Amino acid sequence: MTRRVTLQETLINIRADRKRYASWRHAGFWITFCYRLRRLRKFGGPLWKLMLPLDIALELSRLLISDTKIPSNMDVGPGLYLPHPTGVIINDSAVIGAEVDLFQQVTLGEWRGKAPILEDGCKLFAGARAFGDVRIGFGAKIGANTVIQRDIPANYVAYLDATKVRPQIERVPDKIAS
């Protein structure tokens with residue numbers, strides 16, 4: 001059962017989403033904005049049901065912008081970033097934490113009744129796929145076209161169909177010689 005959503009929570013999430021984009025006109029922002037309003041309408045109580053005409057109008061405009069749709073019955077943390085919101089497929093059982101980046105053609109799919117959990121701050125690059133009961137840890141990065149079928153620890157990088165998993169390398173900025 002999906003929990004009740006409040007107007008205050010929705011506005012906080014929209015502000016956090018907005019901070020991730022250079023402009024409010026960015027298609028990714030409108031995808032997440034439509035998701036937040038649809039979720040408020042469906043799970044915010046009887047008064048918010050009156051937003052149905054606005055929800056329908058936003059949904060039709062979203063269809064013109066992108067084919068990406070975030071299911072309204074799933075939980076998405078604040079600050080979701082969709083830099084190229086094309087072809088992103090998200091199962092409604094998936095859980096997405098705060099400040100997560102999903103690039104184009106990312107798929108979060110269900111397998112045997114379980115869906116992925118994305119912890120805060122992780123990034124899934126173009127074409128990445130995660131299926132089933134997997135957890136992608138805090139700050140983890142999933143390379144382009146990588147298929148994830150096992151857990152990825154926090155602050156790790158997975159690439160080449162997740163056969164290669166390694167800790168992130170911290171780069172020290174170059175010192176300018178004077």
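**Close-up views of a predicted model**

View 1. Leaving aside residues up to four places away in sequence, Arg-41 touches Asp-55 together with Trp-48, Lys-49, Met-51 and Leu-52. Helix 2 spans residues 27-43.

View 2. The closest N and O atoms of Glu-59 and Arg-38 are 3.1 Å apart. Glu-59 belongs to helix 3 (residues 52-65) and Arg-38 to helix 2, so that distant parts of the chain, 21 residues apart, are linked. Both residues, Glu-59 and Arg-38, are buried. A network of salt bridges joins Arg-38, Arg-41, Asp-55, Glu-59, Arg-62 and Lys-69. The structure holds 11 salt bridges.

**View 3. Asp-17 and Arg-36 connect helix 1 to helix 2.** A salt bridge joins Asp-17 and Arg-36, with the closest N and O atoms 2.8 Å apart. Because Asp-17 lies in helix 1 (residues 7-19) and Arg-36 in helix 2, the pair ties together parts that are 19 residues apart in sequence. Asp-17 is buried, with a relative accessible area of 1%, and Arg-36 is buried as well, with a value of 4%.

View 4. Leu-40 lies in helix 2 and is buried, its relative accessible area being 1%. Its contacts, not counting residues up to four places away in sequence, are Val-5, Thr-6, Leu-7, Thr-10, Trp-48 and Met-51. Leu-40 and Thr-10 are separated by 30 residues in sequence, yet their C-alpha atoms are 7.0 Å apart in space.

**View 5. Leu-102 sits among the residues with the most contacts in the largest nonpolar core.** This core has 39 residues, and those with the most contacts inside it are Ile-70, Ile-90, Ile-96, Leu-102, Leu-108 and Leu-124. Helix 2 gives the most to the core, with 8 residues. Beyond residues up to four places away in sequence, Leu-102 touches Leu-80, Tyr-81, Leu-82, Pro-83, Val-88, Ile-90, Ile-96, Leu-118 and Leu-124.

View 6. Strand 1 pairs with strand 4 (residues 107-109) in the parallel sense over 2 bridges. Within strand 4, Leu-108 is the bridge partner of Ile-90. Ile-90 and Leu-108 are also among the residues with the most contacts inside the largest nonpolar core.

View 7. Cys-34 is buried at 3% relative accessibility, and Cys-122 is buried with a relative accessible area of 0%. The count of disulfides is 0. As context for these views, the protein chain contains 3 helices and 12 strands, and 45% of its 178 residues count as buried. The chain exposes about 10,000 Å², of which carbon and sulfur atoms supply 59%.

Conventions. Residues are numbered from 1 along each chain as its sequence is written. This is a predicted model: local features need pLDDT of at least 70, side-chain atom pairs count only at pLDDT 80 or more; totals for chains, interfaces and linings use all residues. Side-chain values use heavy atoms; hydrogens and water are left out. Helices (H or I, at least four residues) and strands (E, at least two) are DSSP runs, numbered from the N terminus. Contact means heavy atoms within 4.5 Å. Two strands pair if DSSP finds at least two bridges between them. A nonpolar core is a set of buried Ala, Val, Leu, Ile, Met, Phe, Trp, Tyr and Cys residues joined through side-chain atoms within 4.5 Å. Buried means under 20% relative accessible area, exposed over 50%, partly exposed in between (1.4 Å probe, protein chains only). A disulfide is a pair of cysteine sulfur atoms within 2.5 Å. Accessible areas come from the Shrake-Rupley method with a 1.4 Å probe; for residues, only the protein chains shown count as cover. A salt bridge is a side-chain nitrogen of Lys or Arg within 4 Å of a carboxyl oxygen of Asp or Glu.
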